[in-house]
Amino acid sequence: MNITILGAGSIGSLWACHLANAGHNVSIWSNKPEKSETLLILDNQNPKRFITNSVLQLKSADVILVTVKAWQVKGAISALLEHLAPETIIVFMHNGMGTMDDLPVSLYEHPIVLATTTHGAYKPSQNSICHTGFGSTTLGGYNNLGQRCHFLSDVFENALPSVTWSDSINKALWDKLSINCVINPLTAIHQCLNGDLLQEKFSTLVVQLVSEICAVRHAEKFEINSDVLLTSVHQVISATAKNHSSMQQDISHKKITEIDYINGYLCKVAQRHGISVPTNQELYSQIKNIEQSWS
Ligand SMILES: NC(=O)c1ccc[n+]([C@@H]2O[C@H](COP(=O)([O-])OP(=O)(O)OC[C@H]3O[C@@H](n4cnc5c(N)ncnc54)[C@H](OP(=O)(O)O)[C@@H]3O)[C@@H](O)[C@H]2O)c1
């Protein structure tokens, strides 16, 4: 397939290399217009060259894989829409929810697929990528056209397993969001490792967050029992105890976080249902205050 990666950061570069290894014609679209080629080295493999910023490649793309941060999605995809054939499938792979709410209407003429992944990657330099944690990926259709694209799970599975197709991608996204709403802001505010959240001093806060998340999920008809969610949160904290969350890293590097699409999204949905979520609101405000203090 002809696949263009929009945003070859850590996760985009990881998929670029694996999809190319699986035999696809992979190109990159970057926000550096002067680039016509990108060299990527995944772990200790041979370097790979990717055609970059080619409108010709965009026009013939079967799939655009969008791997920018949640707050970059609208600007990044809007700039490309005029070049895409209507049948080009757009796959969005990022943390958080709510990005689909303010995209141009012409986007919905395309098959749209949403993806969530638990793989971990980082770029120690411009051209190299470390695959730091093997995980799994879930794909699912967002609109009717996207729901017909379940063959994509085989394409992605052959490149970087394990991949599953979900007929209810929003449920998978809520599951990921629920965990992120707890781990991300707390580790970012306290500049600590995920595992530190198991300390007694965080236990009341974690229970309050979980209870608010469950109330919002109930209203959205993506119910989850609070004991079940609390257990999942503790399992993820334990399994990733030595990791720095993405939001912790963003704050420590003074980079804009994805808070608007994590706790910010939860607060927005809660408001729509008239549900009070003071603990999520407080953490959201604290992260926004930190971001604003940089300017
Ligand atoms: N990294 C992980 O391990 C991991 C794991 C699971 C999920 N995720 C999620 O995956 C998403 C991407 O994360 P990431 O870690 O890969 O972030 P990242 O390294 O910052 O990658 C985003 C890339 O997109 C580029 N970009 C931004 N705007 C663009 C535009 N308009 N056109 C083209 N390229 C553009 C950025 O370039 P600049 O740097 O020049 O802005 C950067 O190279 C996030 O939602 C993250 O939460 C990441």
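Reply: Trp-71 sits in the loop between strand E5 (63–66) and helix H3 (73–78). Keep in mind that this is a predicted model.

Me: Ok. Is Trp-71 buried, exposed or partly exposed?

Reply: Trp-71 is partly exposed, because its relative accessibility is 37%, between the 20% and 50% cut-offs.

Me: What does Trp-71 touch, leaving out residues up to four places away in sequence?

Reply: Ile-256, Thr-257, Glu-258 and Tyr-261. Take Thr-257: it is 186 residues from Trp-71 along the chain, and their C-alpha atoms are separated by 8.3 Å.

Me: Switching to helices. How do H6 and H7 pack?

Reply: Their axes are 10 Å apart, at an angle of about 155°. H6 spans residues 169–190, and H7 spans 203–219.

Me: So what do we call that arrangement of H6 and H7?

Reply: Roughly antiparallel. The cut-off for that word is over 145 degrees. The crossing of H6 and H7 is right-handed.

Me: Which residues make the contact?

Reply: From H6, Lys-171, Trp-174, Asp-175, Ser-178, Cys-181, Val-182 and Leu-186. From H7, Leu-205, Val-206, Leu-209, Val-210, Ile-213, Val-216 and Arg-217. By class, the contact of H6 with H7 has 10 nonpolar residues, one polar and three charged.

Me: And H6 against H11, what angle there?

Reply: About 45°, with the axes 10 Å apart. H11 covers residues 278–293. That angle makes H6 oblique to H11. H6 passes H11 in a left-handed crossing.

Me: Which residues of H6 and H11 are involved?

Reply: H6 brings Cys-181, Pro-185, Leu-186, Ala-188 and Ile-189. H11 brings Asn-280, Leu-283, Gln-286 and Ile-287. Seven residues of this H6 and H11 contact are nonpolar, two are polar and none is charged.

Me: What about H7 and H11, how do they cross?

Reply: At roughly 110°, with the axes coming within 8 Å. H7 and H11 are therefore roughly perpendicular to each other. On the H7 side are Leu-205, Gln-208, Leu-209, Glu-212 and Ile-213. They meet Pro-278, Thr-279, Asn-280 and Leu-283 in H11. The classes in this contact of H7 with H11 are five nonpolar, three polar and one charged.

Me: Leu-283 keeps coming up. Buried or exposed?

Reply: Leu-283 is in helix H11 and counts as buried, at 4% relative accessibility. Leaving out residues up to four places away in sequence, Leu-283 touches Pro-185, Leu-186, Ile-189 and Leu-209.

Me: How far is Leu-283 from Leu-230?

Reply: Their C-alpha atoms are separated by 18 Å, and the two are 53 residues apart along the chain.

Me: Back to H6. Is Asn-180 buried or exposed?

Reply: Asn-180 lies in H6 and is buried, with a relative accessible area of 9%. It touches Asn-95, Pro-185 and Ile-262, again leaving out residues up to four places away in sequence.

Me: How many disulfides turn up?

Reply: Zero, in a search of the whole structure.

Me: Backbone next. Where is a cis peptide bond?

Reply: Between Pro-161 and Ser-162, with omega about -5°. Ser-162 is in the loop between helix H5 (152–159) and strand E11 (163–165). Most peptide bonds are trans.

Me: What is the phi of Lys-221?

Reply: Positive, about 65°, although Lys-221 is not a glycine. Most residues other than glycine have a negative phi. Lys-221 is in the loop between H7 and helix H8 (226–239), and is exposed, with a relative accessible area of 67%.

Me: And the phi of Lys-254?

Reply: Also positive, about 55°. Lys-254 lies in the loop between helix H9 (246–252) and helix H10 (263–272). It counts as exposed, at 58% relative accessibility.

Key
Residues numbered from 1 in each chain as written. Predicted model: local features only at pLDDT ≥ 70, side-chain atom pairs only at ≥ 80, totals over all residues. Heavy atoms only, no water. Disulfide = S-S within 2.5 Å. Axes fitted to C-alpha atoms, helices over the stretch in contact; angles between N-to-C directions. Helix = DSSP H or I, 4+ residues; strand = E, 2+ residues; numbered from the N terminus. Parallel < 35°, antiparallel > 145°, perpendicular 65-115°, else oblique. Left-handed = near helix turned anticlockwise from the far one by under 90°. Contact = heavy atoms within 4.5 Å. Nonpolar A, V, L, I, M, F, W, Y, C, P; charged D, E, K, R; others polar. Buried < 20%, exposed > 50% of the residue type's maximum accessible area, 1.4 Å probe, protein only.
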